[in-house]
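Good morning, colleagues. I would ask you to look at one structure with me for a few minutes.

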Amino acid sequence: MFRSVRWTAALLLSGLATGPAFGATVLQCVPYARIVSGVDIQGDALTWWDRAEDHYKRGHKPKKGAVLAFRPFGPMMLGHVAVVSKVLDGRHVLVRHANWSSPGAIEEDVPVVDVSEEGDWSAVRVWHGPTGQMGVRTNPTFGFIYPARGKLRPFVPDATLGSSVRLAAVDPDQWRKEKAPAVKAPAAATPGRAMQAIAASRRVPRLEADLSVTRYADNAPSQRTLGAIIADIRREAALD
């Protein structure tokens, strides 16, 4: 019983206090991304990649204003969408998105690192605001959806879209040390070089798990029970 109470207390202290209370309607990632990017797609984030076909170009290279569409993964059942605000290089971008680090939170110009072996942005790690570090979870993605114009649009908080809170901006010196894995060597490479490339690709920075880091995007508190959230955290800890 005491252990259960301790888990509950730790969870509450790990980030829930930074966002709206349980039961409140919070800003979701979809309306935020739609406004900021101008990509006019309806439906949950997990449907955006397919819905974009025949309407928007899609690809696997980051561009300013593009929407990075995340695949459903674990408790992140509805997927996620984020808007690229700046391309730093082929493996690092800054994004603007909502409802990732905590319910309804708006994060602007925070880093995302491509950690896929092929360098195709099929797997990424995302900044976690409350802890001030890159999240430990590797998130699978569909790719990028490109609007007609790579222009970022301002977002004005709107109560009809749900309550929200802006998290503090990121200090660039805090994440510049984050490294992306080396791109997997081509089949024509010699066995020795291929093995070196594979070994390098596995040297992905890994941080100690933190309860607040294991929160998932697009899961409004009213949609999930506290017991389910605690079960997810325990499962993550067991995997680590």
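I shall begin with the protein as a whole, and then turn to one helix and one histidine.

Please bear in mind throughout that this is a predicted model. The protein has five helices and nine strands. Along the sequence their order is α-α-α-β-β-β-β-β-β-β-β-β-α-α. Of its 240 residues, 45% count as buried. The accessible surface comes to about 12100 Å², and carbon and sulfur atoms account for 55% of that area. As for contacts between residues at least 6 apart in sequence, 61% join residues at least 24 apart.

Let me now turn to helix α2, which spans residues 29-37. Is this helix largely enclosed by the rest of the structure, or largely open? Seven of its nine residues are buried, so α2 is largely enclosed. The buried residues are Cys 29, Val 30, Pro 31, Tyr 32, Ala 33, Val 36 and Ser 37. They pack against helix α3 and against strands β2, β3, β4 and β5. Just after α2 comes Gly 38, with a positive phi of about 80°.

One of those strands, β4, contains His 97. Because its relative accessibility is 1%, His 97 counts as buried. Which residues does His 97 touch, leaving aside those up to four places away in sequence? They are Tyr 32, His 80, Val 81, Ala 82, Ala 105, Ile 106, Glu 107, Val 110 and Val 126. Tyr 32 in this list is one of the buried residues of α2.

Notes:
Residues numbered from 1 in each chain as written. Predicted model: local features only at pLDDT ≥ 70, side-chain atom pairs only at ≥ 80, totals over all residues. Heavy atoms only, no water. Buried < 20%, exposed > 50% of the residue type's maximum accessible area, 1.4 Å probe, protein only. Helix = DSSP H or I, 4+ residues; strand = E, 2+ residues; numbered from the N terminus. Contact = heavy atoms within 4.5 Å. Areas by Shrake-Rupley, 256 points an atom, 1.4 Å probe, with all protein chains shown as cover.
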